[in-house]
Amino acid sequence: MSTPLRLVIVDVDGTLVDSQSDIVAAMTVAYDAVGADVPPRAEILGVVGLSLDVIFPLLMPDMSPQGHEKMCEAYKNAYMEMRARAGVQHSSPLYPGALEVLNRLQMMPDVLLGVATGKSKRGLDKLIEGHGLEGVFVTQQVADFHPSKPHPSMILQAMADVGAEARDTVMIGDTSFDMEMAAAAGVRGVGVNWGYHGRDRLSAASALIDDFAGLPAVLDEMWKVSA
């Protein structure tokens, strides 16, 4: 019996790369743009993974839509400027072991890799280029074309793109939004313990890992169960 096509979808911020410094700095610029007090760092990192058009109404519910749009534009501009100045590898470094595991999975003939992120297409393109990851992710789902996580749209589209079944698809992420998105799409989720949500917020995950090196074994075990 032939091995089914497997799809591994990876979140970006807090899972694949550590971009928290630039995120917090860009959020500071966004709040300054409307003369508002910047919330605590933990509160900012707690909403990473959601789309910007969801984040600002969530954090600033009493502000006008025009104010939210101003914050959004200020954030985007600041983030791009900081990344251009420092370089992708410095501003958003890959987590330890990420590249090695991506390369290992990419070499497996029955496995395809994808991305599901709250980033814009422009932001994801720059990050992939900066880390030399061109050609690694065969399906790339971004905030420009989907409802914000935890809506399952990104995962459903990724599966449709490559022809993978839900039982053969796994979502890797660091936030409750990623795990809830996986559950909503009917796929399994692997929570990572190095990101922006703590272990206590990853209760919807099918499995948890403490480092990238542990991912292949967890995937193997999941796929044995679904075989």
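Start with helix H4 (65–86): H4 gives the most to the lining of the largest pocket, with 6 residues. Here helices (H or I, at least four residues) and strands (E, at least two) are DSSP runs, numbered from the N terminus. A pocket, on a 1 Å grid over the protein atoms alone, is an open set of points where a 1.4 Å probe fits, with protein on both sides within 12 Å along at least five of seven lines, and its lining residues have an atom within 4 Å of a point.

The model is predicted: local features need pLDDT of at least 70, side-chain atom pairs count only at pLDDT 80 or more, and totals for chains, interfaces and linings use all residues. Residues are numbered from 1 along each chain as its sequence is written, and side-chain values use heavy atoms, with hydrogens and water left out.

**The pocket**

Select Leu52, Tyr75, Gly118, Lys119 and Ser120, which lie nearest the centre of the largest pocket among its 27 lining residues. Besides H4, helix H1 (20–33), helix H3 (52–59) and helix H7 (121–130) each give two or more residues to this lining. The space inside is about 480 Å³, a volume being the space filled by probe spheres set on grid points that are joined across faces, edges and corners. Colour the lining by class to find 13 nonpolar, 6 polar and 8 charged residues. Ala, Val, Leu, Ile, Met, Phe, Trp, Tyr, Cys and Pro count as nonpolar, Asp, Glu, Lys and Arg as charged, and the others, Gly among them, as polar.

Next select Leu59, in helix H3. Is Leu59 buried or exposed? Leu59 is buried because its relative accessible area is 15%, where buried means under 20%, exposed over 50% and partly exposed in between (1.4 Å probe, protein chains only). Leaving aside residues up to four places away in sequence, Leu59 touches Met27, Tyr31, Glu43 and Val47; contact means heavy atoms within 4.5 Å.

Go to Gly46, in the loop between helix H2 (41–45) and H3. Gly46 is also buried, at 11% relative accessible area. With residues up to four places away in sequence not counted, Gly46 touches Phe177, His197 and Arg201. From Gly46 to His68 the C-alpha distance is 18 Å, for 22 residues of sequence.

Select Pro150, in the loop between E3 and H8. The peptide bond from Lys149 to Pro150 is cis, with omega near 10 degrees. Then show helix H8 (residues 153–162), where the buried residues are Ser153, Met154, Ile155, Ala158, Met159 and Val162. These buried residues pack against strands E1 (6–10), E2 (111–116), E3 (139–141) and E4 (169–173), and against helix H9 (176–185). After H8 comes Gly163, with a positive phi near 80 degrees.

**Val225**

Move to Val225 in helix H10 (residues 215–226). Val225 is exposed, with a relative accessible area of 63%.

**The whole protein**

Finally, zoom out to the 10 helices and 6 strands. The C-alpha trace spans about 60 × 35 × 30 Å along its principal axes. Of the 227 residues, 52% are buried.
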